[in-house]
Amino acid sequence: MDLSLSTRNVTGPAGDRTVVEVGGEIDVYTAPKLREQLVELVNDGSYHLVVDMEGVDFLDSTGLGVLVGGLKRVRAHEGSLRLVCNQERILKIFRITGLTKVFPIHTTVDEAVAATD
Amino acid sequence: MATVELRFSAQPEHVRTARLVAAAVARRAGVDEAVLDEVRLAVGEACSRAVGLHRTNNIAAPVRVALTEEEKSFSIEVGDEVPVLDSSAPGARSASAAVPGAVDLDADGEDDMGLAVISGLVDDLRVTGGPGGGVILMSWPTTSAVVMP
């Protein structure tokens, strides 16, 4: 299954957030598309991102690298990148690599949108 | 002899095929359903790494994947053809990303992260290399008494 991406802007109690809904597989082939999307959003001035990974079937280290890259970019603008994920098999990859300490991971988009640093 | 062998040109789009084939053969071999996600991820990481190494080094040869069903285990061997220059260093391209002298051909560090994921997932892991290239060998038990990490 290929990667699907869609974005929408949401205004929550913490301010404006851009929700990136990701579906399908994030791997060495599809990760560049996600990277392009994140770079484009940051270049367009969206510095507070919520990446909804509930529709992701597969994530590998290439995908992790892209998310880390996205985090670096938004942080350069004092922004934030929050993840929404409840899938154990995806969460496991974040745990193995210690990235649960790097990314705020939420159970719902609403929770992520409302969160403040 | 391997149960199933796969050779694919070093293109990222073929890594998914390798994952699907590996998971299908692992399931047939009797690898626990709960572990199949790990098999899929580990073989994907190993293949992504091999593809990256071939592309960075302009190697036209295919990436090799051998899936072997044994009596009580299922093993996957992923081989690349990028020579490991310093084969005397035990840490060269080992699962430890921090070993000095390890081949670091991926400037983004994704190569290291891939190995970190593999070593976190697979208990029975061997990473070897020589002038002919590197090999990642992973194996999983096929009995139902698999202990989840």
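**Cavity and contacts**

Guide: Start with the lining of the largest cavity: Ala46(B), Arg49(B), Ala50(B), Leu53(B), Val78(B), Asp80(B), Gly134(B), Val135(B) and Ile136(B). Bear in mind that this is a predicted model.

Visitor: Which elements give two or more residues to that lining?

Guide: Helix α2 (33–56) and strand β5 (133–141), both of chain B. The biggest share comes from α2(B), with four residues.

Visitor: What volume does the largest cavity have?

Guide: About 40 Å³. The count of cavities of 30 Å³ or more comes to one.

Visitor: How do the lining residues divide by type?

Guide: Six are nonpolar, one is polar and two are charged.

Visitor: Back up a bit. How many helices and strands are in chain B?

Guide: Three helices and five strands. Along the sequence, chain B reads β-α-α-β-β-α-β-β.

Visitor: And what percentage of chain B is buried?

Guide: Of the 149 residues in chain B, 46% are buried.

Visitor: Switching to chain A. Which residues of helix α3 are buried?

Guide: In α3(A), residues 88–96, the buried ones are Ile90(A), Leu91(A), Ile93(A) and Phe94(A). Looking down the axis of α3(A), the buried residues fall within an arc of 150 degrees, so they line one face of the helix.

Visitor: What comes just after α3(A)?

Guide: Gly98(A), with a positive phi of about 75 degrees.

Visitor: How many aromatic pairs are there over all chains?

Guide: One. The partners are Phe94(A) and Phe103(A), with ring centres 5.9 Å apart and planes at 85 degrees, so the pair is edge-to-face.

Visitor: Are those two buried or exposed?

Guide: Phe94(A) is buried, and Phe103(A) is buried too. Phe94(A) is also one of the buried residues of α3(A).

Visitor: Now charges over rings. What sits over Phe58(A)?

Guide: The charged end of Arg19(B), 3.8 Å from the centre of the Phe58(A) ring. Elsewhere, the charged end of Lys33(A) sits over the ring of Tyr29(A), 5.3 Å from its centre.

Visitor: Where does Leu59(A) lie?

Guide: In strand β3 of chain A, residues 48–59. Leu59(A) has 1% relative accessibility, so it counts as buried.

Visitor: How far is Leu59(A) from Gly24(A) in space?

Guide: 9.0 Å, C-alpha to C-alpha. In sequence, Leu59(A) and Gly24(A) are 35 residues apart.

Visitor: Backbone check next. What phi does Glu78(A) have?

Guide: A positive one, about 55 degrees, although Glu78(A) is not a glycine. For context, most residues other than glycine have a negative phi.

Visitor: Where is Glu78(A) found?

Guide: In chain A, in the loop between α2 (61–75) and β4 (80–84). Glu78(A) has a relative accessible area of 72%, so it is exposed.

Visitor: And Asn58(B), what phi there?

Guide: Asn58(B) is not a glycine either, yet its phi is positive, about 55 degrees.

Visitor: Which loop holds Asn58(B)?

Guide: The loop between α2 and β2 (63–69) of chain B. α2(B) is the helix that gives four residues to the cavity lining.

Visitor: Last one. Is Asn58(B) buried or exposed?

Guide: Exposed, with a relative accessible area of 70%.

Technical notes. Residues are numbered from 1 along each chain as its sequence is written. Chains are lettered from A and ligands numbered from 1 in the order in which they are written. This is a predicted model: local features need pLDDT of at least 70, side-chain atom pairs count only at pLDDT 80 or more; totals for chains, interfaces and linings use all residues. Side-chain values use heavy atoms; hydrogens and water are left out. Buried means under 20% relative accessible area, exposed over 50%, partly exposed in between (1.4 Å probe, protein chains only). The arc is that of the directions from the helix axis to the C-beta atoms. Rings of Phe, Tyr and Trp (its six-membered ring) pair if their centres lie within 6.5 Å; planes under 30 degrees apart count as stacked, over 60 as edge-to-face and the rest as tilted. A charge sits over a ring if NZ of Lys or CZ of Arg is within 6 Å of the ring centre and within 35 degrees of the ring normal. On a 1 Å grid over the protein atoms alone, a cavity is a set of points where a 1.4 Å probe fits but cannot get out, and a pocket is an open set with protein on both sides within 12 Å along at least five of seven lines; lining residues have an atom within 4 Å of a point. Grid points are joined across faces, edges and corners, and a volume is the space filled by probe spheres set on the points. Ala, Val, Leu, Ile, Met, Phe, Trp, Tyr, Cys and Pro count as nonpolar, Asp, Glu, Lys and Arg as charged, and the others, Gly among them, as polar.
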